[in-house]
Amino acid sequence: MLSSRIKLRHLQAFLEVAKRRSFARAADSLAISQPGVSKTIRELEEVLGAELFERSAQGVALTQAGLTFLRHAGPAIRALEEGVTAVGDAHRGQWLRVGALSTVESRLLPVAIQRWQENAAAEVGVNVVAGSSAFLLSQLRLGELDLVVGRMTEAREIRDLAFEHLYYEPLLLVVSRGHLLAGVDPLAPARLVDFPWVVPPPRTTLRQQVDSFCVRHSLTLPGRLLETLSLPISRRFTQEGDAIWVAPRESVLDDLADGRLVELALPLEGQGGSVGLCTNATMQPSLALEAFCEVLREVAAEPRSGRPGE
């Protein structure tokens, strides 16, 4: 049974400290004093009979008990917020908060959002948050997002989250149409290091595939690197220079079809990674979320040029 001694302020303080990894930053966010935050956390720890944070000179980190409590506290607050919104603002329609990885930004997600909004019975809005899989999955676990979409099966952060596979999507090596390596077949891997690369940032699941490719071919990434998840920056940089872009297939299908970019005759990976939907199993999905996921499944199942197996 839930103890009557646990108040909403306890949960809010706990989530802010967990999110910001600092009592001082949590206090600023909550507009209360740092001693007030510390006192609130101590009260919660006394009720639970366990320490929730480890304190050090570097900041604070969740204990195992804290991690366990986090998996339930975040979704609980999110569910309460949804309930308040549903009662007070039902006439204003519904909102979803979706985390988007770069692998689905070009087609799957925008097409699904447009179709969902066009066919919804009421006005519906979507707030899309872009970022790395580690960041987005952490926000999903906290209840800050309803859903994360993209290629993320290699991410350690999935853990107890629920992942549903939609399709496989490989990374490609692409260059501008006038590039010295365009049309070279067979292409020796050693020639790649003579040009700048556009790659995903370190500690991302996509970068892991780049590193694996380099290990297989005994390559060292050149010093001239552009590390980014931004598709517009990557596309412009590649089209107007001699860079080699490690790109999700979906993001360059139109460019390849129009001849603005050319795929190199050297596969970075075979089948590719699993693109899908990730949800927080501890949260009760809203009707809006269930409807949107169904639209995502429909769009993902539709044939499109360039997908493996089609």
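The largest cavity is lined by 13 residues, with T228, L229, W245, V246 and P248 lying nearest its centre. The elements that give two or more residues to this lining are β8 (197-199), α8 (231-239) and β10 (244-248). The model is a predicted one, in which local features need pLDDT of at least 70 and side-chain atom pairs count only at pLDDT 80 or more, while totals for chains, interfaces and linings use all residues. Residues are numbered from 1 along each chain as its sequence is written, and side-chain values use heavy atoms, with hydrogens and water left out.

**Cavity**
- The structure holds one cavity of 30 Å³ or more, a cavity being a set of points on a 1 Å grid over the protein atoms alone where a 1.4 Å probe fits but cannot get out, with lining residues having an atom within 4 Å of a point.
- About 80 Å³ of space lies in the largest cavity, where grid points are joined across faces, edges and corners and the volume is the space filled by probe spheres set on the points.
- β10 supplies the largest share of the lining, three residues, with strands taken as DSSP runs of E of at least two residues and helices as runs of H or I of at least four, numbered from the N terminus.

**D160**
- D160 is placed in the loop between β5 (147-151) and β6 (162-169).
- Leaving aside neighbours within four places in sequence, D160 is in contact (heavy atoms within 4.5 Å) with R71, R141 and A281.
- The C-alpha atoms of D160 and L181, which are 21 residues apart along the chain, are separated by 44 Å.

Definitions and conventions: On a 1 Å grid over the protein atoms alone, a cavity is a set of points where a 1.4 Å probe fits but cannot get out, and a pocket is an open set with protein on both sides within 12 Å along at least five of seven lines; lining residues have an atom within 4 Å of a point.
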